[in-house]
Every structure is written in structure tokens, then in C-alpha cells.
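Take a moment to look over the structure before reading on. Then follow it step by step.

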Amino acid sequence: MKRIVLHAVLLGGLTLVGATIAQAADAPNDFAWGTSLTTDGSEPYYQVELPEKVYEQSVWPDLRDVRVFNGQGQNLPFAWSLPPARPGGEKDIPLRVYTMNQTASRSPDEVSLRSGSGLEVTLWAEKPQATQRGWLLELGDKMLDQPGIDQIRLEWSRLTENWQTSVDVFYSSDLKSWSRIAEDVPLMDLNSGSDRLQLNTLDVDGAHKYWLVLARDPLAVPKLNIKAAQAVSRDPQPAQEMLRLSPRAQAVSADEAHYFWQQPQPLNAVRIVPTVKNSVLPLEIEYRSSASDSWHPLTKLVAYAVSGYDPMPLALDGKVIQGIRLKGIHQQWGKELPRVTGLREKRTLAFNAQGNPPYLLAWGNKAAQPQALSANALLPPSMPDATLLPWAYAGDEVTLGGEARLTATDPAERASMLNKLLLWGVLLVGVAGLVVLMLRVWREFKRQG
């Protein structure tokens, strides 16, 4: 009898587990939110650009909880449109470096500089100049056929003390006619214990033979010695349309602030800009991948808001980030928190418009499993590229299953929970059987004695 009961419990538990594992078709109410899709005509395929709310509210960074339904509530096949091919990489080109010091000029409107090897440079002076010091950078003749230079990276002898200064950058093709390309660009080298923070790059544009880096205050860092320089040439890339996601900011102290996104985001880059105009902020940056994660070091950099200068955002290459922590290095910003913006690549979805409209785009389901097909599988070989499909347009957001779907469990999790319940049930049945057996033995012992 006991075996029959135990077998029945086991069989019932396994049946429940099997029923849980069985994957039912998704329905609109399995997802938290949705939006109707407007389509023109009766084409077999459409493409739709995801609304910003999808990125902000999707539970999964890879958007696996996005679906498309037709007017009958049927789950439709879809695929992510492939972004255009993006050639990548950059090439470093060494530059010859000449240290330039001011010499006597023929006119008060000119500044003359000479290198130790005899190279001379004369600039027109906008106003009376202090004693000038600079560095002439030369691009080899064989390198002039290379793509345009996007950045110059400087290397200097390390000093024992922290320092910062600013420079102006000029270019020329003949050492005679000079044009300014950047003004008041900060350079710095900060040490904190064993950590070192350098700002040693100059954003430029063009494949010019000569570049002149002129110190604005040569007495600020008299021992500065630029010993090497490299021109950075990046491969041309098609424009990549980015979505700008602003996090919620929280001030912790005068030199620390936290920034949080509603859901973890795979960010291509993050832009950090001081709020105060013409300010420079050396920063230590940490991140976390989820709200329950601990903080991890990301990088140290200098953020600055300088008139006429647009710094490159910090590249993250799709790293999943839910929060960022900024700490000032020897700097405070008080009540004016730096502005932080996450940059994420926009996604386009192509779907098969079977059944009747209106079609529904839905998202927000913790229990969702990946369902997207490959773009090649969704479209037959005779069809054009998915980027040429007609457009569907998203309407207003509507609530479907609500926020409860954001913590829903998938079939595997439910099966695991049932397995635990089943195990506890078997243990309880076993304990109950032992109790009954002990009572019978005690009664028999009492009856005989």
C-alpha cells in the first residue's frame, strides 16, 4: 500500500513537471506592454523601428522578450534586420617630433620658433605672447597618401608631480602658411598612488604634413618633454544611428554621483560631459551590470566641456550596464552633476504579416525565450534585403499583462520549483511512514509487555 501511494506521488509530480516544461505559444497578455502597428496595403512582410520605450522597458538586454502578434492574437515570425557592414580598426602612423623654442622675431605681430636641428616656424600672433614653447610634428612623405588623420596621440617623459596645461594646434603643408585647427586643448598627467590618468590626445582632421602643438602657458610645465607622437587614422565607417538613453542621476557627495537605467542596457558608448562650461573633470568610472551587482572598475578618463570641442564618447562595445558611478580625481563638482548619456544602437525588426491586422508589437516578459529567426530564414532567397521592406509604424503604448510580467518565471524555473516541492513531498511522506511504523512497534511492544 505504501509503495502504491509513493508511486502515485512520484507519478503526479512528474506529470506536473512535464506539463510545466511543455512550451505553450506566447499570447499578448504574456507581455507587459505593447503598441499597435499601422501598415499600408497587404504586403507579406513589413519592417518597424522599435520605439524608445522598448529599449527602456525590455527585461532582457538582447530584446528576446519582443514579439509581434496579428489581430487574432497569433504569434508571428520575425527577424532582426542586420545593420550595415561596418569596417573597423585604426592605423597608427609615427610622427617625427621636434622641440621648438621661441627666437627673436622680426615683428611684434609674429612668433618665431626654432628647433635644435635648425627648423624654423613663424606664426602670426593675435596678441602679445609670453615666451613660447612648442613641438613640431612631421608626417613622412610616404604617409601623405594615407586616409585623413583623426587624432594625434602624444607620449612624454613621466614627471614626479601632477600637472595639467593646455595647447593650441596648427597645421601646414609647407612650414610657411599655418592654420589653427584646435584651441585651448587640455593635456594632463595625474598620479594617485599606483594609478595614472593621462589626457594625451588631440582630435584633428586631415592628412597634413606638419602639425604644431603650441603651449599656451609654457611656464606651467617647464619640464614637459614630448618624446614621441603617433597619428591615428581610422577607417571610414557608415553612420550608425544611435539611441540616446538618459539615466536617473543621484548625487552621493561633492565628488561622487551614481547613474541608473531602468533596465540593463548593452551600450555601444557612454558620453560624459561636465555641466559647468569650460570645465575639466578627471574621473574614475565604475559600472555594474544589474541592480544587484557590485561595482566594477571601468576606466579613468578626463571629461571636459570646452567651447568648440566635441570629445569622442567612451566606447563600450555592447557591454551590459545598468548603473555607472563617477568619482572625481582631485576634483569636485558640487551640485552641478556631470551629464551622462548612454548610446545604444537602434534596432529594426522585420516580420511576416500573416493573418489580419491590426498587428501588435509587444515586449516585457521575464519568462520569454529567444524566438527571432535569422534574416535569411525569414525571407526567401528571391526577396530583397530586409532593409528594403515597406514600413509599419508604431502607435501609442498600451498595457497588456502589466508589470507582473517583468518577474514571470520561465518553464525551466517553474519545473525546478516543482521538483523541489516534489522532493519535499516525498520526504514528508517518508517521515510520515516512519512515524506510523514507530507507533505500530510501540503499540505492539506495549501490548506484549
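This is a predicted model: local features need pLDDT of at least 70, side-chain atom pairs count only at pLDDT 80 or more; totals for chains, interfaces and linings use all residues.

Begin with the sheets. Strands of a sheet pair through backbone hydrogen bonds, either parallel or antiparallel. Which kind of pairing does the sheet with the order 2-23-4 show? The pairing here is antiparallel, and the sheet is an open one of three strands. Strand 2 (45-49) and strand 4 (78-80) stand at its edges. Each has a single partner strand, so one side of each is left without a neighbour in the sheet. From one strand to the next, the twist averages 25°.

Now look at one pair in detail. Strand 23 covers residues 348-352, and five bridges link it to strand 2 in the antiparallel sense.

A second open sheet has four strands in the order 3-24-1-25. Its pairing is antiparallel. Strand 3 (66-69) and strand 25 (393-399) are the edge strands, and each pairs on one side only. On average, neighbouring strands of this sheet are turned by 25° against each other, direction ignored. Strand 1 (residues 33-38) runs antiparallel to strand 25, and five bridges join the two. Here L37 stands opposite A394 in strand 25.

Next, turn to the inside. In soluble globular proteins, nonpolar side chains tend to be buried together. How many residues does the largest nonpolar core have? It has 44 residues. L283, L326, L349, F351 and L361 have the most contacts inside it. Strand 18 (residues 256-273) gives the most to this core, with six residues.

Pick out L283 in the largest core. Setting aside neighbours within four places in sequence, L283 is in contact with residues including L197, I272, L301, L326, I329 and W333.

Finish with E286, which lies in strand 19 (residues 279-288). Is E286 buried or exposed? Buried means under 20% relative accessible area. E286 has 11% relative accessibility, so it counts as buried. Which side chain does the side chain of E286 meet in a polar contact? The partner is the side chain of R325, at 2.6 Å. Not counting residues up to four places away in sequence, E286 also touches others, among them W295, H296, P297 and L298. G323, I324 and K327 are on that list too.

Notes. Residues are numbered from 1 along each chain as its sequence is written. Side-chain values use heavy atoms; hydrogens and water are left out. Two strands pair if DSSP finds at least two bridges between them. Axes are lines fitted to C-alpha atoms, for helices over the stretch in contact, and angles run from 0 to 180 degrees between N-to-C directions. Buried means under 20% relative accessible area, exposed over 50%, partly exposed in between (1.4 Å probe, protein chains only). A polar contact is a pair of N or O atoms within 3.5 Å; within protein, one must be able to donate a hydrogen and the other to accept it, and residues adjacent in sequence count only if both atoms are side-chain atoms. Contact means heavy atoms within 4.5 Å. A nonpolar core is a set of buried Ala, Val, Leu, Ile, Met, Phe, Trp, Tyr and Cys residues joined through side-chain atoms within 4.5 Å.
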